[in-house]
Amino acid sequence: MISFVVPAYNEEKYLAATLAAIHAAAREAGEPYEIVVANDNSADATAAVAEHCGARVVTVEKRQIAATRNVGARASTGDMLIFVDADTTVNAPLVAEAVAALRAGAVGGGAPVRLDRSPFWLAMFMRLLIPVFRIFKWAAGCFVFCTREAFEKAGGFDEQYFASEEIHFSQALKRHGRFVILHTQVVSSARKLDSHGFWAFIWLCLRIGVRGRAVVRSREGGIAEFWYPDKR
């Protein structure tokens, strides 16, 4: 069975569409499944939306996405785990390809990401980023899949990190077997553009380039606010 794990913090605006897409994709792919929403201390109607849309809600108070994903995964029951961000849209070919990869012996993988909208500069950045993730076999955080056995062997997502946790998880999974990047794309929201523009993005990249892991392992210095803003 597939367990779809959806971390969520104040996601009432996007969550219903995400869950509807998961239901449709899993049914079309013909796979038994469950959806677990890890509700990370939301102050809005996230939990109510999740329950209305047929998901099981697990309450989390972490405000850190790696830890929230881990709680959701450990509350789930499937032998295959698919982590989907609350603003991300999956489809049946994507789900079927992920399941086929796991059944063919892969321990996990990811998919190329297409944003639902993007200005010129971000479109160019994504054209550069996607081949890098494919070459190094890194999953984008909005869609990561693995077997439960591999998840446990890898120790789950590394809770030291407030960003780039999907890269570290990809590296950990690769130590236990074959890790794949699928051909089918997943669509995710470019909503961070609503609260952060070009220069904020460039400044964050420069900080990561200069300070490296010290930035992504700290809640301070803007990294948590950039990736997990209170504004929705």
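The points below move from the whole protein to single strands, helices and side chains.

1. Overall content. The model is predicted. The protein contains 10 helices and 10 strands, and 52% of its 232 residues are buried. Among contacts with a separation of 6 or more, 78% involve residues 24 or more positions apart. The protein exposes about 10,500 Å², of which carbon and sulfur atoms supply 57%.

2. The open sheet. Strands β5, β10 and β7 form an open sheet in the order β5-β10-β7, with mixed pairing. The edge strands, β5 (88-89) and β7 (113-115), each pair on one side only. Three bridges join β7 to β10 (residues 186-188) in the parallel sense, and within these strands Val 113 stands opposite Val 186.

3. Strand β8 and its partners. Strand β8 covers residues 143-147. β4 and β8 run antiparallel and are joined by five bridges; Val 84 has Phe 143 as its bridge partner in β8. β6 (residues 108-110) also pairs with β8 in the antiparallel sense, over three bridges, and here Gly 110 is opposite Val 144.

4. Burial of β8. In a regular strand the side chains alternate between the two faces of the sheet. Is β8 covered on one face or on both faces? Both faces are covered: Phe 143, Phe 145 and Thr 147 are buried on one side, and Val 144 and Cys 146 are buried on the other. Five of the five residues of β8 are thus accounted for as buried.

5. Thr 147. This residue of β8 has 17% relative accessibility and therefore counts as buried, the cut-off being under 20%. The side chain of Thr 147 reaches the backbone nitrogen of Ala 150 at 3.0 Å. Leaving aside neighbours within four places in sequence, Thr 147 is in contact with Asp 79, Leu 102, Ala 106 and Val 107.

6. Helix α3. Helix α3 (residues 65-75) is largely enclosed by the rest of the structure, because eight of its 11 residues are buried. Those residues are Ile 65, Ala 66, Ala 67, Thr 68, Arg 69, Asn 70, Gly 72 and Ala 73. Their cover includes the strands β1 (2-8), β2 (33-40), β3 (56-60) and β4 (80-84), together with the helices α6 (148-154) and α7 (165-174).

7. Aromatic pairs. A pair of aromatic rings is described by the distance of the centres and the angle of the planes. The count comes to nine aromatic pairs. One of them is the edge-to-face pair of Phe 151 and Phe 169, at 6.0 Å centre to centre with 70° between the planes. Phe 151 belongs to helix α6 and Phe 169 to helix α7, so this pair ties together parts that are 18 residues apart in sequence. Phe 151 counts as buried at 0% relative accessibility, and Phe 169 counts as buried at 1%. Ring pairs link Phe 83, Phe 151, Phe 157 and Phe 169 into a cluster.

8. Charges over rings. The buried residues of α3 include Arg 69, and the charged end of Arg 69 sits over the ring of Phe 157, 5.1 Å from its centre. Phe 157 is also a member of the ring cluster described above. Elsewhere, Arg 63 lies over the face of Tyr 9, at 3.8 Å from the ring centre.

Methods: Residues are numbered from 1 along each chain as its sequence is written. This is a predicted model: local features need pLDDT of at least 70, side-chain atom pairs count only at pLDDT 80 or more; totals for chains, interfaces and linings use all residues. Side-chain values use heavy atoms; hydrogens and water are left out. Two strands pair if DSSP finds at least two bridges between them. Helices (H or I, at least four residues) and strands (E, at least two) are DSSP runs, numbered from the N terminus. Buried means under 20% relative accessible area, exposed over 50%, partly exposed in between (1.4 Å probe, protein chains only). Contact means heavy atoms within 4.5 Å. Rings of Phe, Tyr and Trp (its six-membered ring) pair if their centres lie within 6.5 Å; planes under 30 degrees apart count as stacked, over 60 as edge-to-face and the rest as tilted. A charge sits over a ring if NZ of Lys or CZ of Arg is within 6 Å of the ring centre and within 35 degrees of the ring normal. A polar contact is a pair of N or O atoms within 3.5 Å; within protein, one must be able to donate a hydrogen and the other to accept it, and residues adjacent in sequence count only if both atoms are side-chain atoms. Accessible areas come from the Shrake-Rupley method with a 1.4 Å probe; for residues, only the protein chains shown count as cover.
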